[in-house]
There are 2 protein chains.
Amino acid sequence: MSQAATSEPRPRAGRTPHGRRRVRSALALAAMDLFAAQGFEATTVDQIADAAGVGRRTFFRYFRSKEDVVFPGHDEQLAEVVELLESADDAEQPLVVVSRTAEMVLDMYLTEPEVSLRRFALTRQVPSLRDKEIASIDRYQRVFARYLRARFAGEDNGDLRAAVVAAAIVAVHNHVLREWLKSGGELDARAALRAGTRLVQEALSSTWDGGGEEQVVVGVVKTKASPDAVLDQLQNALRSLPR
Amino acid sequence: MSQAATSEPRPRAGRTPHGRRRVRSALALAAMDLFAAQGFEATTVDQIADAAGVGRRTFFRYFRSKEDVVFPGHDEQLAEVVELLESADDAEQPLVVVSRTAEMVLDMYLTEPEVSLRRFALTRQVPSLRDKEIASIDRYQRVFARYLRARFAGEDNGDLRAAVVAAAIVAVHNHVLREWLKSGGELDARAALRAGTRLVQEALSSTWDGGGEEQVVVGVVKTKASPDAVLDQLQNALRSLPR
DNA sequence: CATCGTAACGGCACTCAGTGCCACGAGCAA
DNA sequence: TTGCTCGTGGCACTGAGTGCCGTTACGATG
């Protein structure tokens with residue numbers, strides 16, 4: 001945390017990769033401590049740099065902005081997601097692939113509960129941080145949508161469906177994550193996410209979905225109509241399908 | 001646009017409501033012109049204030065920040081949405097109410113095509129503005145989700161469903177809006193939105209939805225199975241429903 | 001029409017985020 | 001040991017956003 005050097009002209013760390021990691025972590029830790037103690041806006045970059053034992057200018061060499069300290073490595077995680085989607089097998093159903101990717105994103109939060117919980121406490125009460133987090137979530141959603149758009153290409157309303165499915169999966173992820181954070185990390189988030197994505201898959205796997213091999217039909221019916229009328233209509237729909 | 005007063009000690013507008021509107025609109029216009037001409041970051045608040053013929057300090061009396069000039073009256077529109085949802089008749093289906101509200105939001109963009117298109121051109125290339133817009137959209141989504149949560153209260157996974165439905169409707173809205181903007185305002189956005197929300201309603205009105213009066217059943221079936229097997233299963237499902 | 005009170009205005013000074021620049025010196029290679 | 005490299009610290013600068021205050025236009029009152 002704080003180093004003992006008071007009269008020393010300051011030890012130059014950060015030359016070796018190990019040193020750089022140490023400086024980065026010292027800055028992040030000092031920042032989160034100060035944010036928690038006196039609030040985000042009330043904390044200046046000078047205070048963070050001083051607490052970490054480096055110059056103010058160095059802070060901006062490790063983090064693009066004061067807000068970036070709260071979201072370390074978000075870009076790398078997004079790149080991981082992109083890679084995972086690009087390397088996915090096209091034989092798998094698109095919704096399954098996206099759901100699995102969402103699980104991976106959730107895992108990123110779950111592997112460091114203390115960090116996630118501290119960040120949550122901050123983002124909840126600092127509007128600018130909340131906005132930044134939302135923007136970052138939206139980037140994931142865009143990546144999902146792009147992947148789905150490619151998979152749904154040619155379908156009726158394929159682009160629209162891609163946008164809706166991406167939004168739905170992300171909504172499930174966010175909902176589960178929020179519940180997990182509110183529970184203080186106690187909830188079995190992985191199971192909850194899997195259950196949620198399954199619900200979405202069941203609801204949104206409408207129109208054909210398997211790329212020719214398997215086709216799917218969804219009938220939505222108000223039960224005010226007699227079951228027999230329903231069956232008649234469905235029968236017609238099924239008979240009119242190719243094969 | 002620019003006023004002739006060079007030696008005058010500056011005419012004091014803004015005392016009357018009409019004057020205030022004039023100043024506000026002059027600032028917004030000058031800002032958008034400058035943003036379009038030389039970019040957002042390259043434009044300083046001083047330049048905007050000068051171009052509008054007011055002092056720099058006055059700019060911040062009309063707009064909280066430089067970014068706020070691009071999104072005028074977003075707070076009021078959100079308040080309108082809240083009001084519309086609160087005054088909705090509970091006899092109507094929740095998804096219908098939310099879909100109609102989304103139409104109202106879309107109309108807000110459609111009534112001023114030039115403004116929307118200019119804003120779109122800006123938000124597309126300025127990251128900070130894009131983030132701000134996303135955050136604002138998220139606020140609508142939160143309002144939708146809150147309403148739906150209340151309507152779905154008591155249902156299994158009601159909160160989750162509320163989040164998913166809100167996300168889906170907002171996704172449809174955004175998709176249609178984006179297409180409309182990309183088309184330069186030519187697309188029949190209202191019809192497209194209505195068609196899209198109908199699709200979402202059909203897909204996500206699963207589990208009971210009418211509060212007891214009407215029940216809905218959704219069957220999702222792979223057509224690899226023979227149509228007859230499908231019908232058998234559906235028949236069983238329908239027969240087992242109450243009534 | 002004259003006067004008064006209000007409040008928006010312009011301007012100044014200040015804080016702080018973020019950036020360009022440069023001299024310094026620690027660490028590494030030859 | 002010597003020289004090169006590059007992260008570092010410090011300085012100076014721009015620009016956003018805010019607090020403060022004297023000024024003054026405009027509406028209200030008599």
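Predicted model: local features only at pLDDT ≥ 70, side-chain atom pairs only at ≥ 80, totals over all residues.
Residues are numbered from 1 along each chain as its sequence is written, while chains are lettered from A and ligands numbered from 1 in the order in which they are written.

Chain A has ten helices and one strand, these being DSSP runs numbered from the N terminus (helices H or I, at least four residues; strands E, at least two). Read from the N terminus, the order of elements in chain A is α-α-α-α-α-α-α-α-α-β-α. Of its 243 residues, 31% count as buried, a word used when 20 or more other C-beta atoms lie within 10 Å of a residue's own, with exposed meaning 12 or fewer and partly exposed anything in between. When contacts in chain A between residues at least 6 apart in sequence are considered, 58% join residues at least 24 apart.

Now follow helix H8, residues 158-182 in chain A and also in chain B; these two helices pack at an angle of about 145°, with their axes 8 Å apart. The axes are lines fitted to C-alpha atoms over the stretch in contact, and the angle, between N-to-C directions, runs from 0 to 180 degrees. Among the residues of H8(A) that meet H8(B) are A:Asp159, A:Leu160, A:Ala163 and A:His175, and their partners in H8(B) include B:Asp159, B:Leu160, B:Ala163 and B:His175. By class, this contact of H8(A) with H8(B) has 16 nonpolar, two polar and two charged residues, with Ala, Val, Leu, Ile, Met, Phe, Trp, Tyr, Cys and Pro counted as nonpolar, Asp, Glu, Lys and Arg as charged, and the others, Gly among them, as polar.

The largest nonpolar core has 72 residues, and those with the most contacts inside it are A:Val164, A:Ala167, A:Ala168, B:Ala167 and B:Ala168. Such a core is a set of buried Ala, Val, Leu, Ile, Met, Phe, Trp, Tyr and Cys residues joined through C-beta atoms within 7 Å. In helix H8 of chain B, B:Val164 counts as buried because 28 other C-beta atoms lie within 10 Å. Apart from its neighbours within four places in sequence, B:Val164 is in contact with A:Ala168, A:Ala171, A:Val172 and A:Val200. B:Val164 and B:Leu204 are 40 residues apart along the chain, yet their C-alpha atoms are separated by 8.8 Å.

In the loop between helix H7 (127-151) and H8 of chain A sits A:Asn157, whose phi is near 55°, a positive value in a residue other than glycine. A:Asn157 has 16 other C-beta atoms within 10 Å and is therefore partly exposed.

Elsewhere in chain A, UniProt places the feature "domain: HTH tetR-type" (unreviewed entry) at residues 21-81, and annotations of this kind may be inferred rather than shown by experiment. That span is 67% helix and 0% strand, and its end C-alpha atoms lie 24 Å apart. UniProt also lists residues 44-63 of chain A as "DNA-binding region" (unreviewed entry), a stretch that is 75% helix and 0% strand, with end C-alpha atoms 14 Å apart.

Conventions:
Contact = placed C-beta atoms within 7 Å.
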